[in-house]
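Subject: Structure handover

Hello,

Here is the structure for you to look over. My notes come after it.

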Amino acid sequence: TPGGSVIVTAIEADRLRSVAEHRRFLDRLTAPSERKSGSVGVGIVGYGPFGGMCYTHGLAATETDGLYLAGICDTNAERRDAALVDFPHVSAYTELEALAGDDNVSVVIVATPPVLHAPIALALLRAGKHVVVEKPMCLTAADADMLLGHFRDAESECKALLFATAQVHAFLGSIRLQTFR
């Protein structure tokens, strides 16, 4: 590559670059780590086995104008390493507090096992981060009430935070944003 990186593959370079997703992946691997001004930094908590949804979220952050992938947090070293292979210019954290304290991260996607959604989302909201939680948002109505109550409290203190549950509607013609008041 022009930056001096060496990529070893059993697939011919022209054939590899002929597939759009592979080409974007190679471009991301070899691109310099430049944050675009005015871009919103995205963090992901929980990279998951084999990347899974977190890889998809990371791709969305890197491929969407106005966003960039700023940080990934996972307590599992193998998963953090996998994230760094997929997104080599991202900051990787073992502790939620470190990601929450990263000023480059504005919005965080919570993609951990559902039992952890509520406490992680609450910690991130308290840290002043916008939060998107994979479904289910939480496991109990009490946890949902607690999260929405904290969100409303932050809103009443003029902290413009976004709190949402990720829901994919790939085949619906229109999606409506519901605001909780």
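Mean pLDDT for the chain is 79. Residues scoring at least 70 make up 66%. Helix α5 (residues 96-100) has the highest confidence, with a mean of 97. Strand β6 (residues 163-166) has the lowest, at 66. Also check residues 169-181: pLDDT stays under 50 there. The model gives that stretch 7 contacts beyond four places in sequence. Where pLDDT is low, predicted coordinates should not be read in detail.

Next, the fold. The chain has 7 helices and 6 strands. Their order along the sequence is α-α-β-α-β-α-β-α-β-α-β-α-β. Take the contacts between residues at least 6 apart in sequence: 63% of them join residues at least 24 apart.

On burial, the chain has 181 residues, and 36% of them are buried.

Now the aromatics. How many aromatic pairs does the structure hold? It holds 1. The partners are Y55 and F87, with 5.8 Å centre to centre. Their planes are 40° apart, and the pair is tilted. Y55 sits in helix α3 (residues 52-63), while F87 is in the loop between α4 (77-86) and β3 (91-93), so the pair ties together parts 32 residues apart in sequence. Both Y55 and F87 are buried.

Best wishes

Conventions: Residues are numbered from 1 along each chain as its sequence is written. This is a predicted model: local features need pLDDT of at least 70, side-chain atom pairs count only at pLDDT 80 or more; totals for chains, interfaces and linings use all residues. Side-chain values use heavy atoms; hydrogens and water are left out. Rings of Phe, Tyr and Trp (its six-membered ring) pair if their centres lie within 6.5 Å; planes under 30 degrees apart count as stacked, over 60 as edge-to-face and the rest as tilted. Helices (H or I, at least four residues) and strands (E, at least two) are DSSP runs, numbered from the N terminus. Buried means under 20% relative accessible area, exposed over 50%, partly exposed in between (1.4 Å probe, protein chains only). pLDDT is the predictor's confidence in each residue, from 0 to 100. Contact means heavy atoms within 4.5 Å.
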